[in-house]
Amino acid sequence: LAVTKVLIVYAHQSSGSFNAAAKDAAVDVLTDQSCTVEVSDLYAIKFKATATAEDITGDVKNADHFRYAEETKLAWEEGKLCADITEEQRKLTQADLIIFQVAAWGLQCFPMYWFTVPAIMKGWIDRVLTLGYAYTPEKRYSQGLFKDKKAMLSFTTGSQESMFSADGINGDMNVTLWPLQNGILHYCGFQVLAPQIFWAPSHVPSEARSTMLTRWRTRLLGVLEEKPLSFTPSDCFDGEKGFQLKPEVHEKHAAKEYGLTVGIHLGKALPPNNQMKAGV
C-alpha cells in the first residue's frame, strides 16, 4: 500500500502554545499510522507573507504593470519561482492530506486572526497557490487541480462556542468558514474535511484542554477515511450564463427547507452546519 503523505502548515509563534500541542499530536498520531508527515512551521522559517515581484527570479514580463497572478504563472511554467515557494509547492504536490493549524490572537474574540487566518498563513496561501499550479479558470471547484487531495482547517478560537452561533454576537461559524473552505480550499479542488475547532482553550482549565487534545487524537485515528464536506458540483452551473445555477437545479430544490450551501443558499435558510460537519 502507498504511504499516505501529510503536510501540516503551522502558524503559531510559540512552541509552548496549545496550537503547538495540537500540531505535535497530529504528527505523533499520523506517524504512528505509518504516514509520512512534513511540517511547514511558518514562523520558524520566517516565511515571507507579502506577494511581490521578489517571488520571481530574473526579469518579469511587464515591470511597468506588474500583475502578480499572471507573472507567477509564467514563472512557475518556466521554473523561475523563488526557492521558498518552490519548496512549499514540492511539499504540497507530494501530500495527500494538508492540515492548516492556525492560532487565535490572544484574548480577541475571533477565530484565528480577525475572522480569518494570520497574515503569515495568508501569505502562504497567496504565494504558494499560484495560478497554473493550484488552479486555472477551467480547473477549479469540483473540477479543481487538487481534487485527489484532502485538506482541513484545525484552529483555536478566542471565544466560546455559543458566541459563534446563529444567535451569537460573532455570528454563525459556518458563515465565517465559507470564504476559507469554499473560496480557497474547495476552489483549488481539495476535498475539504470538517474543521477541527478548539473552542477558547485559553479560557478553560488545563483538564479541559487535555480533553480537547485527546478528542483530536481520537479523530486523527480515522481522519483519512472521513467523508468530506458537501459543495455544489461545478456542473450544476451554466458557464454560458454567468455560472448561475441551472434551472433544473433550482426546480429540484424549490420545495426544500434549506439552501444548497452557506454561500449558495437560494434565498432560503442556511443548511445547518454545512461548513462544520460532513453529510449534512
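Author: A cavity, on a 1 Å grid over the protein atoms alone, is a set of points where a 1.4 Å probe fits but cannot get out. This is a predicted model, where local features need pLDDT of at least 70, side-chain atom pairs count only at pLDDT 80 or more, and totals for chains, interfaces and linings use all residues. Residues are numbered from 1 along each chain as its sequence is written, and side-chain values use heavy atoms, with hydrogens and water left out.

Reader: What makes a residue part of the lining?

Author: Having an atom within 4 Å of a point. For the largest cavity, that gives F100, V117, I125, L153, L180, I184 and L185. Helix α5 (residues 173-186) supplies the largest share, three residues; a helix here is a DSSP run of H or I, at least four residues.

Reader: How do you know whether that lining is nonpolar, polar or charged?

Author: Ala, Val, Leu, Ile, Met, Phe, Trp, Tyr, Cys and Pro count as nonpolar, Asp, Glu, Lys and Arg as charged, and the others, Gly among them, as polar. The lining comes out as seven nonpolar, no polar and no charged.

Reader: Why is Y141 called partly exposed?

Author: Because its relative accessibility is 28%, and partly exposed sits between buried (under 20% relative accessible area) and exposed (over 50%), with a 1.4 Å probe and protein chains only. Y141 also has a positive phi of about 50° although it is not a glycine.

Technical notes
1 Å grid on protein atoms, 1.4 Å probe; cavity = no way out; pocket = protein on both sides within 12 Å on 5 of 7 lines; lining within 4 Å. Helix = DSSP H or I, 4+ residues; strand = E, 2+ residues; numbered from the N terminus.
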